[in-house]
Every structure is written in structure tokens, then in C-alpha cells.
Amino acid sequence: LLYPPAPLRHHHTLAHAHSHRTHTRTHTSTMVSKGEFEAAAEEAKEIKKASNDEQLELYGWFKQANVGDVNIERPGMFDPKGKAKFDAWEKCKGTSTDDSMAKYVACVAALKAKYA
């Protein structure tokens, strides 16, 4: 009876542990080396069955990782392929290089598993 009720102490401890665990997991999941990214880029060339949308998603993360935010004008109506690539890249706008590399590597891994 000298301590506060157990549920109150326990609840605070769980909330703190959960937030720490979430932060740690998020932080470590985004750490991808340049070598891992480059290896994924080579592996992506071997994925032949990916849909157009899947290929565009890979393109967007690749460009964001290598160039950063879109730095060109959107192609005109006579270049539908260029517009699609631009739009895929623009969807990644604001994502850091490290996060973009991690998302690219994760996409490649998912596509390899899907089409292996």
C-alpha cells in the first residue's frame, strides 16, 4: 500500500517502452547502406514481370534517393511516359535520401518475393 496502484505505474512504463521501441524500430529500418541500395538497383533489372505501376514506384524512389526532390518541369501532353515518370518521382517529394533508399530496397525485395 506504500506504492501507487500498479496499473498506473505499469501504464506509464508501457507507454514509454512502446514509444521507445517504435522510435528504435523506425530508426533502424531506414538505415540502408549505399552498397545495399546499389545491389538492389542491380537486382531490380532482373525483375521482368513488374507492372507499370510497380516499375514507376521503383523509379520514383530511385530518383528521389539519387537526385532529391523533382527539379525539372513536368513533361507535356505529347510525352505520356515522361509524365508518368515525373508523377511517380513527385510522389516521393520531401523524403530524405536515406528513407528513399530504404523504400527502394524494400520495394525491390517485395517485388523479388512476388515474382520469384
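**Cysteines and a helix pair**

Tutor: The structure holds zero disulfides, a disulfide being a pair of cysteine sulfur atoms within 2.5 Å. This is a predicted model, in which local features need pLDDT of at least 70 and side-chain atom pairs count only at pLDDT 80 or more, while totals for chains, interfaces and linings use all residues. Residues are numbered from 1 along each chain as its sequence is written, and side-chain values use heavy atoms, with hydrogens and water left out.

Student: What makes Cys92 buried?

Tutor: Buried means under 20% relative accessible area, exposed over 50%, and partly exposed in between (1.4 Å probe, protein chains only). Cys92 has 3%, so Cys92 is buried.

Student: Why is Cys107 called buried?

Tutor: Its relative accessible area is 15%, so Cys107 counts as buried too.

Student: Why is α3 called roughly antiparallel to α5?

Tutor: The axes of α3 (residues 52-66) and α5 (residues 97-115) come within 8 Å and cross at roughly 155°. Angles under 35 degrees count as roughly parallel, over 145 as roughly antiparallel, 65 to 115 as roughly perpendicular and the rest as oblique. The crossing angle therefore makes α3 roughly antiparallel to α5.

Student: Which residues make the contact of α3 and α5?

Tutor: Contact means heavy atoms within 4.5 Å. Among the residues involved are Trp61 and Phe62 of α3 and Tyr104 and Cys107 of α5.

How values were computed: Axes are lines fitted to C-alpha atoms, for helices over the stretch in contact, and angles run from 0 to 180 degrees between N-to-C directions. Helices (H or I, at least four residues) and strands (E, at least two) are DSSP runs, numbered from the N terminus.
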